[in-house]
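Me: I have a structure on the screen and would like to learn how to read it. Could we go through it one feature at a time?

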Amino acid sequence: MLLLYLAKRLFYMVVVFLIISVLLFAIYQFIPGDPVLRFMDPEEQRLPPEAFEIIYNDIRARLGLDRPVHIQYLRWMGNMLQGDFGMSLQFSRPVNEVLRAPVRVTLQMNLIIMVIVFLVSVPLGITSAVKKGGIYDNSIQTTTLLGFSLPIFILAILGVMIFAVWLGLTPVSGFGDPLFLIHNPDASAWEIFLDRLPFLALPVGVLSFAQLAPLTRIVRVSMIDALSQDYVRTARAKGLREGSVIYRHAFRNSLIPFVTSLVGWLIGLLTGSIVIETIFSLGGMGRLLINALQSLDYDLALAIQTIFILIALVGYLVVDFVYVLIDPRVRLD
């Protein structure tokens with residue numbers, strides 16, 4: 001049963017991925033600009049028309065842009081399934097090589113944010129529901145809603161002004177001391193991480209604060225509903241400890257809405273990281289995506305957005321399995 005369900009979900013994922021990839025590839029075909037010109041040297045662009053046309057057509061043929069759009073798509077998809085994301089026009093290197101460092105930066109930052117947000121939002125949501133209507137609940141709701149309401153770039157500017165400029169606690173931008181590896185060529189992965197940690201503090205703090213409100217409010221609303229159910233009143237009537245009633249009975253039954261929101265929250269986190277990486281000059285996938293779009297580096301931009309799509313699809317698959325673990329009423333069908 002489990003294997004059949006997994007096969008069905010994987011089939012749906014493949015179909016959805018193919019549809020999205022076709023739409024994404026088609027969108028890039030309509031973006032104004034000519035990537036061939038980005039591939040040509042300035043001297044070549046100033047050649048007489050006959051020589052320019054020969055070089056232009058040669059580059060266009062090497063890039064496969066002289067073929068019909070559906071053939072270009074099939075070629076791109078076939079290469080991608082083999083792990084070849086093409087050549088970056090901006091860096092004149094394979095996309096796989098260009099993505100190695102940015103992927104590590106984005107993963108490090110987002111994993112830290114996920115841990116912080118989960119460790120903070122779940123307790124805040126539970127305690128707000130238990131103390132509903134009080135000063136504590138109103139304070140939490142106001143604070144988290146403030147972070148959710150303000151645009152992420154406004155929060156980033158405020159964070160820079162307060163913590164970097166006024167207090168001088170964190171660097172303004174960058175991702176580690178550029179001379180650290182020169183002075184410490186044998187540094188371990190942990191030492192490199194500690195060097196980068198002060199540079200991550202501000203962007204991680206800003207994005208974590210912005211992401212607290214959605215999960216905190218969902219946990220709070222779900223817990224308020226769960227605490228009003230008959231089984232909670234029955235558990236209390238039996239004399240169970242309040243902690244057991246809240247965490248063992250009410251919280252477990254309130255997890256379905258929380259888990260449902262995780263994929264949307266993850267997509268929002270990736271979107272926010274694009275803005276944060278650009279503002280704080282972090283060399284992650286978000287900043288690289290902006291640069292690729294500005295430089296008409298289609299292969300690089302497609303690769304980054306494909307990775308984001310795959311993360312979202314895998315997230316939906318994981319959520320479906322978590323449903324079964326937390327609620328036995330959900331069946332694999």
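Reply: Start with one residue, and keep in mind that this is a predicted model. Valine 117 is part of helix H6.

Me: Is valine 117 buried or exposed?

Reply: The idea is to look at the relative accessible area, and under 20% means buried. Valine 117 has 0% relative accessibility, so it counts as buried.

Me: Which residues does valine 117 touch, apart from those up to four places away in sequence?

Reply: Valine 117 touches Val122, Ser208, Gln211, Leu212, Leu215 and Trp265. Distance in space is a separate matter: valine 117 and valine 22 are 34 Å apart, C-alpha to C-alpha, and 95 residues apart in sequence.

Me: How do I read the way H6 and H10 cross?

Reply: Look at how close the axes come and at what angle. Helix H6 covers residues 95-130, and its axis comes within 5 Å of the axis of H10, with a crossing angle of roughly 35°. The crossing of H6 and H10 is right-handed. The residues of this contact divide into 23 nonpolar, 7 polar and 2 charged.

Me: Where is serine 222, and what does it touch?

Reply: Serine 222 lies in H10, which runs over residues 189-227. Its relative accessibility is 9%, so serine 222 counts as buried. Leaving out residues up to four places away in sequence, serine 222 touches Ser254 and Pro257.

Me: What should the span of helix H12 be, and what is it in the model?

Reply: The expected span of a helix is 1.5 Å times one less than its number of residues. Helix H12 (residues 242-253) has 12 residues and should span 16 Å; its end C-alpha atoms are 16 Å apart, so the two agree.

Me: Which residues of H12 are buried, and what covers them?

Reply: The buried residues in H12 are Ser244, Val245, Ile246, Ala250 and Phe251.

Me: How do I describe a pair of aromatic rings?

Reply: A ring pair is described by the distance of the centres and the angle of the planes. The whole structure has 6 aromatic pairs. In one of them, phenylalanine 25 and tyrosine 73, the ring centres are 5.6 Å apart and the planes are at 70°, so the pair is edge-to-face. It links distant parts of the chain, with phenylalanine 25 in helix H1 (residues 2-29) and tyrosine 73 in helix H5 (residues 69-81), 48 residues apart. Both phenylalanine 25 and tyrosine 73 are buried. Ring pairs join Phe25, Tyr73 and Trp76 into a cluster.

Me: Is leucine 23 buried or exposed?

Reply: Leucine 23 is placed in helix H1. Its relative accessible area is 54%, so leucine 23 is exposed. Leucine 23 is 59 residues from glutamine 82 in sequence and 21 Å from it in space, C-alpha to C-alpha.

Me: What is glycine 33 in contact with, beyond its neighbours within four places in sequence?

Reply: Glycine 33 is in the loop between H1 and helix H2 (35-39). Beyond those neighbours, glycine 33 is in contact with Leu296 and Tyr298.

Me: What should I look for in phi?

Reply: Most residues other than glycine have a negative phi. Serine 92 has a phi near 55°, a positive value in a residue other than glycine. Serine 92 lies in the loop between strand S1 (87-88) and strand S2 (93-94). At 56% relative accessibility, serine 92 counts as exposed.

Me: Where is serine 281, and what is its phi?

Reply: Serine 281 lies in the loop between helix H13 (255-279) and helix H14 (285-294). Its phi is near 55°, again positive in a residue other than glycine. Serine 281 is partly exposed, with a relative accessible area of 28%.

Me: How many helices and strands does the protein have?

Reply: The protein has 15 helices and 2 strands. Its C-alpha trace spans about 90 × 55 × 40 Å along the principal axes. Of its 333 residues, 39% count as buried. Among contacts with a separation of 6 or more, 72% are between residues 24 or more positions apart.

Terms used
Residues numbered from 1 in each chain as written. Predicted model: local features only at pLDDT ≥ 70, side-chain atom pairs only at ≥ 80, totals over all residues. Heavy atoms only, no water. Helix = DSSP H or I, 4+ residues; strand = E, 2+ residues; numbered from the N terminus. Buried < 20%, exposed > 50% of the residue type's maximum accessible area, 1.4 Å probe, protein only. Contact = heavy atoms within 4.5 Å. Axes fitted to C-alpha atoms, helices over the stretch in contact; angles between N-to-C directions. Left-handed = near helix turned anticlockwise from the far one by under 90°. Nonpolar A, V, L, I, M, F, W, Y, C, P; charged D, E, K, R; others polar. Phe/Tyr/Trp six-rings, centres within 6.5 Å; stacked < 30°, edge-to-face > 60°.
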